[in-house]
Amino acid sequence: MSRDSHDHRLDPLVLDLIEWLVAGPRPYAEVMEAWRTTCARLPVWEEAVDRGLVVSEMVSPGRVLVTVTPAGRSFFALRRLVPC
């Protein structure tokens with residue numbers, strides 16, 4: 001999927017997700033509880049993963065953390081400076 005095929009209407013919600021994660025990694029289960037949706041029109045988690053802005057990594061058996069990638073930090077830094 002190319003960068004141009006992303007749904008940029010989701011940018012504000014993706015930014016909210018990254019802002020929530022930028023302070024530090026969170027357990028995958030916590031992220032899924034807060035951000036996963038069954039609504040096909042609001043795939044915030046999926047959009048962030050597809051864009052390479054967040055990643056989930058197994059840090060020990062049974063423990064998966066979600067972190068912001070360098071691309072996610074750039075996305076956050078660029079957009080938080082734009083006034084609403």
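At what angle do helix H1 and helix H2 pack, and how far apart are their axes? Some notes on that, and on the rest of the chain, follow.

1. Before anything else: this is a predicted model, where local features need pLDDT of at least 70, side-chain atom pairs count only at pLDDT 80 or more, and totals for chains, interfaces and linings use all residues. Residues are numbered from 1 along each chain as its sequence is written, and side-chain values use heavy atoms, with hydrogens and water left out.

2. The overall layout. The chain has four helices and three strands, and from the N terminus on they run α-β-α-α-β-β-α. Both kinds of element are DSSP runs numbered from the N terminus (helices are H or I with at least four residues, strands are E with at least two). Of the 84 residues, 32% count as buried; buried means under 20% relative accessible area, exposed over 50%, and partly exposed in between, with a 1.4 Å probe and protein chains only. Among contacts in the chain with a separation of 6 or more, 54% come from residues 24 or more positions apart. A contact here means heavy atoms within 4.5 Å.

3. Back to the opening question. H1 (residues 11-22) and H2 (residues 28-35) pack at about 150°, and their axes are 12 Å apart. Axes are lines fitted to C-alpha atoms, for helices over the stretch in contact, and angles run from 0 to 180 degrees between N-to-C directions. H1 and H2 are therefore roughly antiparallel to each other; the label is for angles over 145 degrees, while under 35 is roughly parallel, 65 to 115 roughly perpendicular and the rest oblique. Their crossing is right-handed, that is, the near helix is turned clockwise from the far one by less than a right angle, with anticlockwise making it left-handed. H1 brings Leu13, Asp16, Leu17, Trp20 and Leu21 to this contact, and H2 brings Glu30, Val31, Ala34 and Trp35. Sorted by class, that is seven nonpolar, no polar and two charged residues. For the classes, Ala, Val, Leu, Ile, Met, Phe, Trp, Tyr, Cys and Pro are nonpolar, Asp, Glu, Lys and Arg are charged, and the others, Gly among them, are polar.

4. Now look at H2 by itself. Its buried residues are Val31, Met32 and Trp35. They cover an arc of only 100° around the axis, which puts them on the same side of H2; the arc is that of the directions from the helix axis to the C-beta atoms. Ala29 and Glu33 are exposed on the other side of H2. What do the buried residues of H2 pack against? The list is H1, strand E1 (26-27), helix H3 (44-50) and E3.

5. On the H1 side the contact is made by Asp11, Val14, Leu15, Ile18, Glu19 and Val22, and on the H4 side by Gly72, Arg73, Phe75, Phe76 and Arg79.

6. H4 (residues 70-80) has Gly72, Phe75 and Phe76 as its buried residues. Seen down the axis of H4, they fall within an arc of 95°, so they line one face of the helix. Pro70 and Leu78 are exposed on the other side of H4. The cover over the buried residues of H4 includes H1 and strand E3 (63-68).

7. Phe75, in H4, deserves a click. Phe75 is buried, at a relative accessible area of 7%. Leaving out neighbours within four places in sequence, Phe75 is in contact with Asp11, Val14, Leu15, Ile18, Arg51 and Leu53. Leu15 is 60 residues from Phe75 along the chain, yet their C-alpha atoms are separated by 7.7 Å.

8. Setting aside neighbours within four places in sequence, Val64 is in contact with Arg26, Pro27, Tyr28, Ser56, Glu57 and Met58. The C-alpha atoms of Val64 and Arg26 are separated by 8.5 Å, with the two residues 38 apart along the chain.
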